[in-house]
Amino acid sequence: MNELLILNGYVYDPLNGIEGERADISIRDGKVVESVGTGAKIIDASGMIVMPGGVDIHSHIAGSKVNAGRILRPEDHEKDVERHTAITRAGTGHSIPSTFTTGYRYAKLGYTTVFEPATPLLKARHTHEELDDTPIVDKGCFPLFGNDWRTMEYLRQGQLEECAAYVAWMLRATKGYAIKIVNPGGVEAWGWGRYLVGLEDRVPNFDITPREIVRGLCKVNKMLHLPHTIHVHTNDLAKIGNYQTTIDTMDSVRDLSSDSKPVIHITHVQFTGRTGSAWHSVGSGAPEIADYVNKHGHVTADMGQVVFMNTTTMTADGGFQYMLYQLSGNKWMNFDVEVETGAGIVPYRYRRNNYVNAVQWGIGLELALLIKDPWRVYMTTDHPNGGDFTKYPKIICWLMSRKAREKSLARINSIARNKLDLPDIDREYSFSEIAVVTRAGTANALGLKEKGHLGVGADADVAVYNINPTKIDPSRDYRLVRRALKKAAFTIKDGRTVVKNGEIVETPIGRTYWVDSAVSEDLNAKVESQMRKTFAQYYTVQMDNYAMADSELANSNRIKVKAEV
Amino acid sequence: MTILSKTIIPNVICTFCGSTCDDLQVTVEDEKVLSVRSGCSSSLSKYLNYNADRYLSPLVRKDGELRDATYDDAVCRSAEILANAKYPLLYGWSSTSNEASRAGIELAEWVGGVIDNTTTVCHGPTLLGVHDIGEVSASLGEIMHRADLVVYWGSNPVHSHPHHIMRYTSMSTGRFRLSKKNRTMVVVDVRRTDTAKLADQFIQITPNGDYELMCALRMAIRGDELEQDVISGVPAEKIEELAELMVSCQFGVIFFGLGLTMTQGRHRNVDVALSLVRDLNARTKFLIMPMRGHFNVAGANEVSAWVTGFPYAVDLSQGYPRYNPGDTTAVDVLVRGDCDAALVVASDPVASFPIEVSRHLAKIPVITIDPHPSATTPISEVVFPTTVVGIETGGCIYRMDGVAIMTRPVVSPPPGLHSDVEILRDILAHVKKLKAGQQA
């Protein structure tokens with residue numbers, strides 16, 4: 001029996017209504033329990049904050065695109081290296097850390113679960129190989145369906161049930177966790193070097209619109225009872241005036257929600273929250289988007305916050321990356337994937353004195369501050385697109401402290417500053433709200449019942465930060481908060497201490513979560529035989545060599561659900 | 001009683017070249033490969049002859065001669081060599097699985113050496129070009145479905161990648177291109193190769209003329225006038241014609257081989273090729289892809305990149321990854337005589353490196369892990385015979401376009417033989433013990 005007692009901390013467990021009360025957390029064999037025996041190991045958390053381990057809903061940490069970014073940028077790694085020790089592996093940063101370094105750095109921040117949000121189905125095996133080499137954290141990946149030929153064909157023909165069975169098959173084959181949609185239909189158009197605009201353009205050769213793809217997959221998601229909603233990167237990303245496309249996309253599935261339950265997650269909304277008609281008139285669409293989210297319960301969102309730094313942008317949205325290459329003149333990678341999707345990578349530096357970059361910075365923060373319900377907006381940088389994940393403590397300070405925001409506002413482009421609503425926003429997040437947007441809310445959105453809280457039965461993933469909330473006012477002393485959040489005093493993963501005083505002390509292998517949604521045998525057999533007929537025409541890989549076996553994962557964690565079909 | 005019968009195993013993944021065909025049918029009887037269908041000549045030759053001419057026991061040098069040794073002795077000796085070396089080189093990795101590469105990098109971290117893969121002598125310049133410019137590429141199926149213009153530049157796939165043209169490019173059947181009639185194939189090379197004989201157009205250039213010709217093409221595409229009449233042996237009109245063909249196609253692709261990377265200009269040739277394709281995307285859809293040679297050289301790069309940040313030539317002697325091709329590349333480390341031990345996995349540097357390198361290798365203790373005797377085995381201190389990936393043992397490998405495929409064994413290996421992964425993990429475990437002892 002492996003027992004641990006975290007004594008006397010100020011516990012923030014918003015799911016269970018605990019807001020900074022002094023309490024002990026008892027842990028046995030990797031789970032939170034009522035109490036432990038006298039022989040339990042003790043962590044003294046007096047004067048410290050205790051939270052569930054962080055859960056990142058959207059961070060590009062593994063897979064062919066991330067690795068292409070690593071190969072593209074030796075200059076990014078040279079300045080940020082990690083030594084090999086008896087416990088830890090060597091590695092490099094900076095904006096695209098190597099896999100082992102990624103795991104360690106997340107653990108140091110007190111994060112224990114991370115989801116890779118864009119996996120080409122054909123390359124899922126690569127993603128999982130990298131995730132296996134990403135230690136400590138639990139993880140999973142979202143395969144890409146929004147430009148997949150078969151998905152589009154089934155949806156065009158109105159064969160929803162077949163489409164659902166197909167998606168279920170693919171999730172099993174790729175060991176995927178949720179349905180990801182990137183620029184629906186637009187990436188297929190980019191296969192020909194073309195673009196789609198808005199939700200009503202028709203995809204070349206497939207006679208279907210982005211709206212039909214999003215709606216179809218939203219219905220499929222419900223039929224399969226997947227734990228997460230569809231996870232959508234909208235059309236028109238980074239285009240001027242695209243906030244309307246974001247609202248249209250949200251609204252396109254409004255009628256599919258019952259009881260105002262979330263049915264769609266719009267990711268990195270900062271990148272799709274722009275008003276204006278030309279580059280000189282770009283503004284923040286955050287107030288409009290926040291207003292929509294405040295009035296409609298069927299949507300969740302994450303920020304995609306920009307941090308002023310030199311980073312690496314990467315997305316399955318190949319066409320967008322080409323536009324960014326043209327804008328920036330920086331080097332450019334493109335990688336289209338047969339039948340399914342694409343990808344692009346461009347290094348990019350966000351500058352505080354650049355008008356558009358400064359507006360982008362403001363949009364992300366405005367979204368988080370104007371959306372009233374923290375359970376429906378989450379903190380991300382769309383790592384590494386807006387900045388790398390090690391900048392999270394900085395963002396938390398902007399959310400918790402108006403003073404911190406004012407300090408940054410004073411340094412950004414003045415035209416952008418005058419245009420943003422941000423200077424007039426008084427709201428400051430509490431520690432409890434921070435716990436929601438970084439763990440409780442994300443775990444809830446992902447349907448991970450045993451994560452994001454510290455109730456009995458929860459996974460014993462815990463972060464302890466050396467901040468005394470009764471003595472420190474985060475609004476004023478945000479620097480102290482930032483310093484403490486950068487290096488967790490303790491990170492506990494499955495009941496084992498993995499970080500102590502901001503240093504790695506143990507490196508277990510985390511679990512890989514994937515979803516097995518069981519559809520009826522007849523339907524599965526029908527769809528499988530349809531797939532078998534066309535597989536050789538569509539792919540350059542045989543069907544039998546395509547699917548991954550469970551045994552290929554280092555630490556497989558299958559979530560079984562029963563589909564409606 | 002065992003009843004021996006023929007078994008036909010479908011969809012076997014070929015572990016020969018970077019095309020990584022995955023549709024072989026291998027007939028097996030009594031743990032022997034009898035025949036192979038759907039394979040090319042290279043694949044046939046590999047699958048039918050893999051079991052000829054191999055060591056069946058580890059060898060360790062004693063009194064100046066390589067002698068049969070136990071597996072444990074060979075592991076101990078190897079670990080001692082590596083743990084005591086100041087600056088060992090760990091080289092090869094392109095003809096084995098990712099699992100082996102992963103174990104190899106961990107071993108390199110523990111022994112503080114340089115780990116480099118065979119990219120260093122083939123598409124190393126390609127990666128240097130990518131660092132500078134980026135790369136516009138795709139999985140091979142995209143080309144099968146969409147490409148109406150296929151250019152092979154300094155590459156002769158009829159011999160190096162025999163099924164490449166049939167499976168993925170000019171002669172394949174795709175959704176939007178049904179046959180050869182819907183595509184144009186162009187070959188640019190210094191001689192009329194067998195690939196050139198299949199092409200709609202062959203453009204013969206003078207040796208080492210690639211850079212100038214690529215620059216001229218970039219100019220022609222931008223609408224600039226070519227002031228010379230003949231560039232790299234090609235008339236200016238012909239260049240303008242080719243530029244026009246590239247701009248007016250719907251979806252084009254350039255495949256390039258060592259004819260570009262290992263001739264004068266090297267990574268500058270690749271720079272200009274990558275730039276040309278990037279520029280073309282302002283006018284039409286255009287891609288480029290290196291013709292990677294070994295069946296898992298792409299995987300060796302990928303693993304190295306995700307573990308260390310760098311695709312090859314990684315120096316771990318300072319405890320952290322350092323990358324400086326030309327300095328940390330295997331040939332340079334050996335030519336300078338810097339390294340004092342070497343581990344060679346699935347490769348034959350004595351056969352493929354410059355003679356100075358072999359001279360230095362002969363002076364230092366070398367551990368070789370390979371299924372077959374090679375030019376490197378006779379100078380080795382320890383030789384591990386090993387199982388063949390894709391025939392006797394499984395493992396993940398990456399096709400030239402980075403598509404990951406899991407290979408499976410089709411027959412059992414000879415008794416007593418271990419896989420690359422097992423050998424490397426055993427050496428690593430022993431090194432860890434020795435290092436702990438050294439620190440204590």
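# Notebook: a predicted two-chain model

**Entry 1. Ile247(A).** I began with Ile247(A), which is buried because 22 other C-beta atoms lie within 10 Å. I note the terms: a residue is buried if 20 or more other C-beta atoms lie within 10 Å of its own, exposed if 12 or fewer, and partly exposed in between, with C-beta atoms placed from the backbone. The model is predicted, so local features need pLDDT of at least 70 and side-chain atom pairs count only at pLDDT 80 or more, while totals for chains, interfaces and linings use all residues. Residues are numbered from 1 along each chain as its sequence is written, and chains are lettered from A and ligands numbered from 1 in the order in which they are written.

I located Ile247(A) in helix α9 (residues 243-251) of chain A. Here helices (H or I, at least four residues) and strands (E, at least two) are DSSP runs, numbered from the N terminus. Leaving aside neighbours within four places in sequence, I found Ile247(A) in contact with Glu288(A), Ile289(A) and Tyr292(A); contact requires C-beta atoms, placed from the backbone, to lie within 7 Å. I also looked up Thr272(A), 25 residues apart from Ile247(A) along the chain, and the two C-alpha atoms are separated by 9.5 Å.

**Entry 2. Helix α9 of chain B.** I checked the length of α9(B), residues 210-222: at 1.5 Å a residue its 13 residues should span 18 Å, and the end C-alpha atoms are 18 Å apart, which agrees. The expected span is 1.5 Å times one less than the number of residues. I listed the buried residues of α9(B) as Asp210(B), Tyr211(B), Leu213(B), Met214(B), Ala216(B), Leu217(B), Ala220(B) and Ile221(B). Their cover includes β12 (230-231), β13 (234-235), α10 (236-248), α11 (258-261) and α12 (267-280) of chain B. After α9(B) comes Gly223(B), with a positive phi near 90°.

I then examined α9(B) against α10(B): their axes are 9 Å apart and they pack at an angle of about 65°. Axes are lines fitted to C-alpha atoms, for helices over the stretch in contact, and angles run from 0 to 180 degrees between N-to-C directions. On the α9(B) side, Ala216(B), Leu217(B), Ala220(B) and Ile221(B) meet Ile239(B), Glu240(B), Leu242(B), Ala243(B), Met246(B) and Val247(B) of α10(B). I sorted the residues of this contact into 9 nonpolar, no polar and 1 charged. In this sorting Ala, Val, Leu, Ile, Met, Phe, Trp, Tyr, Cys and Pro count as nonpolar, Asp, Glu, Lys and Arg as charged, and the others, Gly among them, as polar.

**Entry 3. Helices α13 and α17 of chain A.** I found that the axes of α13(A), residues 392-400, and α17(A), residues 478-486, come within 9 Å and cross at roughly 145°. From α13(A), Pro393(A), Lys394(A), Ile396(A), Cys397(A) and Met400(A) meet Tyr478(A), Val481(A), Arg482(A), Leu485(A) and Lys486(A) of α17(A). The contact residues comprise 7 nonpolar, no polar and 3 charged.

**Entry 4. Sheets.** Strands pair if DSSP finds at least two bridges between them. β1(B) pairs with β2(B), residues 24-29, over 4 bridges, and Val12(B) has Leu24(B) as its bridge partner.

I next examined β15(B), residues 285-290, where 6 of 6 residues are buried. Lys285(B), Leu287(B) and Met289(B) point one way, and Phe286(B), Ile288(B) and Pro290(B) the other. In a regular strand the side chains alternate between the two faces of the sheet. β14(B), residues 251-256, runs parallel to β15(B) and is joined to it by 6 bridges; Ile254(B) stands opposite Ile288(B).

**Entry 5. Between the chains.** I recorded 45 residues of chain A in contact with 51 residues of chain B. The chain A side has 16 nonpolar, 15 polar and 14 charged residues. I also found β18(A) joined by 5 bridges to strand β8 (residues 134-138) of chain B, the two running parallel. Within this pairing, Trp332(A) has Gly134(B) as its bridge partner.

How values were computed. Two residues are in contact if their C-beta atoms, placed from the backbone, lie within 7 Å.
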